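Good morning, and thank you for the time. I would like to take you through a few local features of one model.

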Amino acid sequence: MPLRFDPQRLKQLVTAVFAAAGSQPPEPERIAHYLVESNLVGHDSHGVIRVASYVQWLREGKVLANRSLNVVLENECLAVVDGQFGFGQTVGEAAVRLGIAKARRQGVSVVALRNCGHLGRIGDWPALAAESNQVSLHFVNTSGAGLLVSPFGGIERRLSANPIAAGVPMPGTWPLVVDISTSSVAEGKIRVALNKGVAVPDCCIIDSQGEPTNDPRVFYANPPGAILPFGGHKGYGLCLLADVLAGALTGNGCTAPGVTRLSNGMLSIYLDLNFFGEEKSILDEVQRFVRFVKSSRPATPDGEILVPGEVEELSRARRLEQGIELDDTTWSQIVQTCRTLNMPEQAVAACIGKQ
């Protein structure tokens, strides 16, 4: 039976976890913000289910607390930066803000980020740029620790999930944010299914012999299964492209075997609307186009046409009112993590407060 939690209290607990684990302010609050935000907008795969693994990586030295960006090279429009294996919520946000600042001055910028801890939900980054009235495009890879996906026509894992995200501002409402994994399902969603004890959707994963399966346990078996690229050869092509752009260009390295430390690379492009003509007319055209798309007759009598970003905002409104659901396994993992950090159980209970 799922448990419901107040989002603000859940954020307080996650903040306390990372403070106890060694992060200094404002890093604990920042990590908590992005993890709980993922739950709020309906992407539980990148939410607080990550708390236990993040703390474990910190203990093992696979991610480092309190890191800052190291600028490898830079000019007015371009920066290559090294995250020094810091938390993605810290160095990833810093890289995005650097790109926003450069585009605000020059109209366009490119930031190549390497050696970054898990960047979380990639849709957070175009949403952040949209707050500054900037369009942005982001390609992400994992240099090998995220070896998850089989190539089109193959069985064995050779690729990462390699998400691609883009955002367009829409003043007065949510931004248009497209955030897709180039695999048919994000690995985190398989983990959510495993914790809940439910099946994975059809046509997402195969076993070690290449046979389709819905059992999430098969994916983590020995020998393991693999995730399929979405859309066959089309998703496979995008997956390869993202790996090259986020791996080779950034210096993070493309997906390779034998890597044990998770490292995200991200190539980001920012466009400031002020340099593309009258900002109001551009945004008015975006909103006109969205209204036109949404005016299509729905496929079912009670159906509704939604556009990217809208589903997340509907989820946020619902979960702010009703609370965030966590399955027993995920909650137990968080509680156990708190215990390993010697956090008093009374403090955990007071911090979380079930709805």
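Predicted model: local features only at pLDDT ≥ 70, side-chain atom pairs only at ≥ 80, totals over all residues.

Residues are numbered from 1 along each chain as its sequence is written, and side-chain values use heavy atoms, with hydrogens and water left out.

I begin with the helices, which are DSSP runs of H or I with at least four residues, numbered from the N terminus, as are strands, runs of E with at least two. Helix α2 (residues 27-40) packs against helix α4 (residues 88-106) at about 85 degrees, their axes being 9 Å apart; axes are lines fitted to C-alpha atoms over the stretch in contact, and angles run from 0 to 180 degrees between N-to-C directions. α2 is therefore roughly perpendicular to α4, a term that covers 65 to 115 degrees. E27, R30, I31, Y34 and L35 of α2 meet Q89, T90 and E93 of α4, where contact means heavy atoms within 4.5 Å.

Next, S315 belongs to helix α10 (residues 310-322). S315 is buried, at 4% relative accessible area; buried means under 20%, with a 1.4 Å probe and protein chains only. Setting aside residues up to four places away in sequence, S315 touches L40, V41 and G42.

Finally, T213 lies in strand β9 (residues 212-213) and is likewise buried, at 15% relative accessibility.

Conventions: Buried < 20%, exposed > 50% of the residue type's maximum accessible area, 1.4 Å probe, protein only. Parallel < 35°, antiparallel > 145°, perpendicular 65-115°, else oblique.
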